[in-house]
Amino acid sequence: MTQPYGFTIRNTYRDLPKLFYADSLPMRFVDPSYTFVNRALADELRLDIKALRTERGCRFLIGETGHDEARPLAMAYAGHQYGQFTVLGDGRAHLRLEHDTSEGLLDIHLKGSGKTPFSRGFDGRATLRSALLEYLYSEALCALGVPTTRSLAIITTGDEIKRIGPTAAAVLVRVAKSHLRVGTFEYAAHRGDLDALKALADFAIERHDADLSELPGRYLTWYKRIIARQAALIAQWQAIGFVHGVMNTDNTAISGESIDYGPCAFIDNYDLNAVYSSIDAHGRYAYGNQPYIGSWNLAKLGEAILPLIDADPKAARRKTHEALVDFGPQFEHYYRDHMGKKLGFASIKDRDDNLIQTLLGLMETYDADYTATFTALTTQRDAGESLFDSSEYASWKTRWQARLHEENTPFVRMQAHNPAIIPRNQVVKSALDKAAHDGDFGDYMGLLEAVRHPFDTAAPRAYRTVPKNKEPFVTYCGT
Ligand code: AMP
Ligand code: MG
C-alpha cells in the first residue's frame, strides 16, 4: 500500500463478515477547510503534516479521494441506550481508513460525514459545536493520562445544518485504537450468527489482545481483559471527577478508551449524584453510578459472547458471572491507588481508606469543590472553601499530616496527580458558544491550550480559578 500523507493504509475491517459494515462514502462537501489540525497528534502518528494541511490533504482526509485504497465504510452495531436495546450503526460516521503504526492499527474515523445506510432518517451530520466539544475533552483527558480516542482535526464543511435553527456543521476526524464497542458484540449476538460473532471476537483479540490469539479458552481470558480495562478507565474518571454523561453500551469501547463525548462534564462540588445531561432524567449516568453502569455494560457484553465462553449455556453463564464479579475489586484497586496518590501516598494502605472517605464526606457536607480541594492540599494553601475552616477538617489534617511523614516527597507526587486545570463547565460553555456561534475562537484556543497542561500550576489564573457562579449546569447532546 502507498503512504499518502504518511498514512500506512489498511482495510482490515473488511475482513469481517459483511453484516458488520455497509459500504458508504462520506458526502461531498461544498467547501471543506480545516478549523484545526492537531499537530502534536499528527507528529505522533508520523503524518506528513505539511501535505496534510493543504486543501488536497483536507479533501483526502475527509474522504473525497483515495477510496480505491481505503474504501470508507460505516460500521454496524447495536447498543443499550438508557437500558433499552436498539440496533444502531454509524449513522453519521465513516471509518475513513486504518493507519498501521508501530503501536498497532488505528482507526481514522470521520464523525459528521454524511448519511449512511444506518442514518435512520437523521441527517448524518454533526454540529461544529459538538466537534469542538469532543476535541476539547479528548485533549483534556489525554493530558490527564486517561485512555481516550483522540481528535486529529476538525473540518468545517462550508454549509449549515438544521438543529434548533441553522448552525455551522463540521466533521471531526477521530483517531481510536478501534471502534469495537460492547454494542458491536450485541449486534452480532442479535443477528444470531455464531460464526460472525466468533469472527468478530477473533478480530478484536487480534487487534487488542494478540497475545491471547492462540490460547485455548481465550474468550474468557479476553473478556477478563476487557473488564480490567473498563475498571481501570472508570476508576480514572472517578478520580478526576469526570462524568461521561451517556454510558450506553454503544459508547463503551472494548479497547478501554473513553469514546463518544457528548453531554459530559467535570464535577464542580463533590457530589455522587451529579448529573449534567439534560436527557438523563433519572440520573442513570450520574457521577457516582458510573462504576455500576460500567459493570452493567460489561454484563451485556458477557451475555452477547456467552456461546463463545462455553458450549453449555449454564457453564457459560457461571464463568462470565464469575469474571464480572471481579470488576468491583478491580475498580476499587485502581480507584484507591489514584486517590492515594492524590493524597501523596506512593502506595495505599488499608488504614488510608478512612482518610479518603472522611475527606470526601467532608467535601460533600461543606459543598466543597472537588478539584480545588485537592489543589489546595497540594499547594498547602488550604483556604477558599468553607471546609477548611471546620474543626472536622482540622482533625483530618492532623491525621493526614502524620501519615505524610511516612512518605518521601508527597507533594511532588500530589502535583502530578491533582490537576490545577480541568475544563470548567461554565468556561467550556462560554468558549464553545463564542466559537460555534460568533466565530470567535480566542477563548476556545486559550482553554484548549490550558487543558493540555493540566498540572501546570503557573497557568493563567483564569483557568485555575473555581467558578463563583455554581448554578446547576446542564449539558445538551447537541449532536
Ligand atoms: P451518538 O449520540 O453520537 O453516540 O449516536 C448514537 C446513535 O445515533 C449512533 O448510531 C449515531 O450514528 C446516531 N446519530 C446521532 N446523530 C445522528 C445524525 N445527525 N444523523 C444520523 N445518525 C445520527
Ligand atoms: Mg455513540
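Start with helix α14 in this predicted model: Tyr370, Thr371, Ala372, Thr373, Phe374, Ala376, Leu377 and Thr378 are buried there. That's 8 of the 10 residues in the helix, which spans 370-379, so α14 counts as mostly covered, with buried meaning under 20% relative accessible area. What do these buried residues pack against? The partners are α8 (218-240), α12 (327-342), α13 (352-365), α15 and α16.

Both ends of α14 have something to look at. At the start, Asp369 points a side-chain oxygen at the backbone nitrogen of Thr371, reaching to within 3.3 Å. Just after the helix, Gln380 takes a positive phi of about 55°.

Two of those packing partners, α15 and α16, lead us to the next stop. The loop between α15 (391-404) and α16 (410-417) holds Glu407. Is Glu407 buried or exposed? Its relative accessible area is 12%, and because the cut-off for buried is under 20%, Glu407 is buried. For a polar partner, the Glu407 side chain has the side chain of Arg403, at 2.8 Å. Leaving out residues up to four places away in sequence, Glu407 also touches Gly344, Phe345, Ala346 and Arg413.

Now hop over to another pair of helices. A helix pair like this is described by two things, the angle between the axes and the distance between them. For α6 (residues 182-191) and α7 (residues 194-208), the axes come within 9 Å and cross at roughly 160°. Since angles over 145 degrees count as roughly antiparallel, that makes α6 roughly antiparallel to α7. On the α6 side the contact is made by Thr184, Phe185, Ala188 and Ala189, while α7 brings Leu197, Leu200, Ala201 and Ala204. Look at the spacing of those numbers with this in mind: an α-helix has 3.6 residues a turn, so residues three or four places apart point the same way. By class, the contact of α6 with α7 has 7 nonpolar residues, 1 polar and no charged ones.

Last, the ligand. Which residues come nearest to ligand 1? Out of the 16 around it, they are Gly89, Gly91, Arg92, Asp123 and Gly124. Gly89 uses its backbone: a polar backbone atom there is 2.7 Å from an oxygen atom of ligand 1. Arg92 comes in with its side chain instead, placing a polar atom 2.9 Å from a ligand 1 oxygen. Asp260 also has a polar side-chain atom facing a ligand 1 oxygen, at 3.5 Å.

Conventions
Residues are numbered from 1 along each chain as its sequence is written. Chains are lettered from A and ligands numbered from 1 in the order in which they are written. This is a predicted model: local features need pLDDT of at least 70, side-chain atom pairs count only at pLDDT 80 or more; totals for chains, interfaces and linings use all residues. Side-chain values use heavy atoms; hydrogens and water are left out. Axes are lines fitted to C-alpha atoms, for helices over the stretch in contact, and angles run from 0 to 180 degrees between N-to-C directions. Helices (H or I, at least four residues) and strands (E, at least two) are DSSP runs, numbered from the N terminus. Angles under 35 degrees count as roughly parallel, over 145 as roughly antiparallel, 65 to 115 as roughly perpendicular and the rest as oblique. Contact means heavy atoms within 4.5 Å. Ala, Val, Leu, Ile, Met, Phe, Trp, Tyr, Cys and Pro count as nonpolar, Asp, Glu, Lys and Arg as charged, and the others, Gly among them, as polar. Buried means under 20% relative accessible area, exposed over 50%, partly exposed in between (1.4 Å probe, protein chains only). A polar contact is a pair of N or O atoms within 3.5 Å; within protein, one must be able to donate a hydrogen and the other to accept it, and residues adjacent in sequence count only if both atoms are side-chain atoms. A residue is near a molecule or strand if one of its heavy atoms lies within 4 Å of it.
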